[in-house]
Amino acid sequence: MGGDVSLAEQTASERRRPWSHILVFLAPAALIYTVFSIYPLLDTIRYALYTQDEHGVAHFAGLANFVDLFSLPVWADQFRNALVNNLIFFVIHVIVQNIIGIALAAMLSLPKLFGRNLYRTLIFLPTMLSVVIIGFVWQLILSPLWGVSEGFLKAIGLPQLFAPWLGQESTALVTISLISVWQFVGIPMMLIYAALLNIPEDLVDAATVDGANHLHVFFYVKLPLILPTIGLVAILTFVGNFNAFDLIYAVKGTLAGPNFASDILGTFFYRTFFGYQLQLGNPTMGAAVATMMFLIILIGVMIYLFGVQRRMQRYAL
Amino acid sequence: MPDVTLRGISKSFGTTQILHDINLEVKDGEFCVFVGPSGCGKTTLLRIIAGLETVGAGELSIGGRRVNELAPAERRIAMVFQSYALYPHMTVYRNIAFGLKFSGGRKAEVDAKVRRTAEILHLTPLLNRKPRDLSGGQRQRVAIGRAIVREPSVFLFDEPLSNLDAALRVNTRIEIAKLHRQLAATMIYVTHDQVEAMTLASKIVVLNHGRIEQAGAPLELYHRPRNLFVAGFIGSPKMNLIKGRVVASDAEGARIALADGRETRLRKVEAALAPGQEVTLGIRPEHMSAGQGGPVALEGSVDAVERLGEASYVYMHLADGTNITLRSPGDSKVEPGSALTVSAASGAVHLFDADGLALAHIAIPA
Amino acid sequence: MTRPIARPRLGRIAVHGALLFYTLVAIGPILLILVNAFKSRRAIFNEPLALPTAKTFSLIGFDKVLAKSDFGLYFLNSLTVTIGSVALVLAAGAMAAWALTEYRFRGNAFLGLYMAIGVMVPIRLGSVSILQLMVDLNLVNTLTALILVYTAQGLPLAIILLAEFIQQIPRDLRDAARCDGIGEYHIFWSVILPLLRPAVATVAVFTIVPIWNDLWFPLILAPGNGKQTITLGVQQFIGQYVIDWNAVIASLSLAIAPILVLYILFSRQLVRGLTAGAVK
């Protein structure tokens with residue numbers, strides 16, 4: 001690819017350059033990327049159209065896997081459960097993460113704030129660490145065995161609030177979502193902070209002269225100008241959430257318990273693909289689940305690109 | 001009366017003092033221009049008047065009312081920013097209406113005001129556009145519109161023309177002058193361009209290192225600069241400065257030995273000069289002419305000639321290296337490399353003492 | 001509405017209070033683990049919030065981790081995989097970014113889009129085929145498999161970041177070199193690459209962190225045979241010794257430490273990269 005050079009459009013100095021340069025420069029990246037990223041993605045989609053017999057031989061089966069996934073209770077119930085959980089996971093992220101992120105960024109962008117860099121660096125720290133490690137850390141902290149959180153709540157006078165949040169069916173998913181928000185809130189904070197810094201001071205001054213107070217300035221001038229960034233954060237979160245796996249696997253294992261209460265598409269995909277306990281893995285069905293995840297992410301990205309981003313064009317400041 | 005009065009205004013950022021004891025009165029309806037090199041404190045002074053910076057020390061009053069502690073919106077001022085500071089996500093209409101939103105006017109009233117303002121500035125067909133769809137000149141007009149619509153008693157301009165190209169700058173300059181006449185409002189205008197200052201101002205305030213060097217009418221500053229800084233800053237090309245020493249002085253005049261060894265006689269010098277005193281002679285390029293015409297004669301060799309058509313600027317240096325600029329007629333025959341004698345009437349000479357303060361203005365009376 | 005212009009002192013204090021509170025929320029849990037890694041089992045349970053004292057200080061957790069698992073080996077595996085992938089991403093990425101920004105050729109725009117797919121679509125979704133591919137290539141349970149996948153994963157973002165940076169290098173610089181008759185490879189090697197150095201740090205941080213922290217691909221492609229990365233190693237270790245709190249906390253600390261050091265060293269580049277990306 002890229003070998004076909006159109007000479008007509010080139011200037012005289014460029015024409016002397018043979019196309020072999022371009023090929024040499026592009027080949028390594030294009031090759032690795034195509035073989036280990038694009039090809040597997042396409043091949044997975046193809047593979048989703050096959051089924052395996054008991055000898056492990058694959059046969060073309062059309063949309064049979066997808067029909068099973070949507071209609072056979074064995075698959076459909078789990079798929080729906082994982083999808084709904086994943087949506088809850090995402091909604092909690094978008095709401096909590098953006099509110100905390102905007103609040104932190106707004107405070108950090110105050111002029112002449114003492115210790116700004118230190119706050120920023122420390123608050124961003126958890127984002128750098130492995131999701132697995134973070135999962136274990138919180139598992140220990142929330143564990144009734146250790147009693148750190150129980151002791152903490154007692155110390156601030158709210159002992160009745162304590163419960164084994166990760167162990168209860170009703171609270172496991174929300175707790176895990178909040179752990180994830182806690183870890184990744186640094187990203188919206190950083191991006192919104194940068195967006196706020198990019199708003200020219202003159203605009204704020206002008207609004208002040210126009211009689212706007214701090215809150216007016218924030219809601220009428222700053223917020224509209226950082227909306228595109230919030231949109232970007234939302235789509236990044238969406239993609240990240242809909243292929244999340246590590247945190248739940250670390251905290252709750254393959255079964256995403258209790259009783260699949262914290263199962264999301266990533267863990268469902270892993271179970272389908274590799275099996276669990278006595279259930280054997282099913283690669284073609286795994287491919288079908290991956291294809292569904294691919295479609296969901298694609299739809300999300302499309303909505304963002306054509307629905308959201310178009311309308312919230314960035315302003316040349 | 002919306003006079004703006006500054007009494008002993010000082011301002012520091014950290015340990016650096018930006019403004020030192022500024023005293024100034026801007027009268028109702030005056031067009032006052034702050035001019036000076038970058039970093040002289042002129043923008044800080046404007047922002048203090050706007051209320052965007054706190055007053056370090058001193059008292060600021062507008063219309064006889066102390067405003068030190070008042071928020072910008074309560075000072076009845078409006079400001080036009082260098083970058084225009086248009087809200088990029090709002091239409092021209094909403095940009096102009098934004099400031100009225102907080103003063104609690106009725107919707108119909110706001111609408112009428114916005115439309116009237118748009119009419120004045122020929123913005124009516126653009127009201128529904130966003131700033132990014134406007135040209136530089138149009139943006140500039142919206143910025144001015146946003147100020148006008150609030151009917152302030154004082155307009156503040158922070159280098160409003162510096163983002164426009166040369167031709168548009170001259171046009172807008174004239175527009176602003178017209179606007180000033182039309183509204184009869186007090187305007188304070190910051191620029192580093194002395195031409196803008198001369199053409200717009202009814203009063204110029206020359207600032208340097210956070211101090212007022214001189215304040216007065218444009219021609220007063222031109223004819224009677226109080227010191228070397230003002231003399232050099234006002235007028236283009238710059239005033240020529242020639243070092244000299246007083247040889248003798250009496251009621252008739254003074255004899256001064258110039259740095260290049262020549263001696264010159266000045267008539268009717270009103271200042272007391274002591275023999276041996278170091279002085280600087282200042283002569284504007286437009287007050288010199290080629291040839292032996294006046295009593296102050298200088299000889300040098302020509303480095304370059306710029307021919308502008310209506311005039312030619314001759315750049316030359318004297319034997320001691322002093323650079324001299326001369327404005328001569330457009331058809332001047334002077335060539336680079338040639339020797340040239342130039343002269344000026346003694347009435348065209350400004351005299352400054354060793355500290356740079358003006359001794360006597362024997363220049364053409366204002 | 002009368003509002004003093006001087007920023008209210010009280011407001012500033014409230015802001016610092018809020019920021020301090022959140023900073024504690026952010027780093028508290030991590031500090032808690034790091035502190036307790038140096039305490040005896042009794043102290044971990046009795047006074048979890050206390051700093052280790054002479055009486056409670058203990059390295060038993062670390063002793064156990066190092067004795068019962070191949071932590072050194074896992075660490076080395078992670079290091080090999082990360083360095084290998086980052087080197088490949090940077091080398092191949094810089095070359096491709098240069099070709100895509102510098103040369104106009106048919107398919108240029110298409111290739112740019114093609115690369116952008118990888119930024120939005122997670123490579124994980126191709127895992128079924130990737131595993132098949134690695135089986136066919138006989139690369140299962142090797143670090144090579146991980147390096148190849150991570151290179152493919154890191155390339156798209158690296159190319160976009162580097163291309164943006166290359167565009168900022170003045171055109172005149174390359175044209176001057178061409179007028180001097182210097183060849184294209186030479187221009188890339190001795191004009192462009194040295195100028196890319198500041199960008200390389202940013203790209204490297206962005207590439208290293210997800211690779212070092214990943215659990216998915218080690219779990220699928222190299223889960224055994226002493227080829228575990230540190231993240232997987234810790235996960236397996238904790239799964240095995242759940243009840244040994246000293247060992248668990250020590251293993252977590254060991255996993256946190258390298259990233260912590262890297263972060264302290266490179267937080268400036270990282271912040272610059274994040275904030276510059278947002279300007280677009």
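**A bent helix and a chain contact**

Let's start with chain A, which has 14 helices and four strands. Those are DSSP runs, numbered from the N terminus: helices are H or I with at least four residues, strands are E with at least two. This is a predicted model, where local features need pLDDT of at least 70, side-chain atom pairs count only at pLDDT 80 or more, and totals for chains, interfaces and linings use all residues. Residues are numbered from 1 along each chain as its sequence is written, while chains are lettered from A and ligands numbered from 1 in the order in which they are written.

Next, overall shape. The C-alpha atoms of chain A fill a box of roughly 80 × 75 × 30 Å along the principal axes.

Now helix α11 of chain A, residues 214-241. Its 28 residues put the end C-alpha atoms only 34 Å apart. A straight helix would reach 40 Å; that expected span is 1.5 Å times one less than the number of residues. Where is the kink in α11(A)? At A:L223, shortly before the proline A:P224, and the kink is about 50 degrees. The bend is the angle between axes fitted to the seven residues ending at a residue and the seven starting there.

On to the neighbour. 17 residues of chain A are in contact with 18 of chain B, contact meaning C-beta atoms, placed from the backbone, within 7 Å. On the chain A side, α10 (201-209) and α11 are the elements that give two or more residues. The largest share, six residues, comes from α10(A).

Conventions: Two residues are in contact if their C-beta atoms, placed from the backbone, lie within 7 Å.
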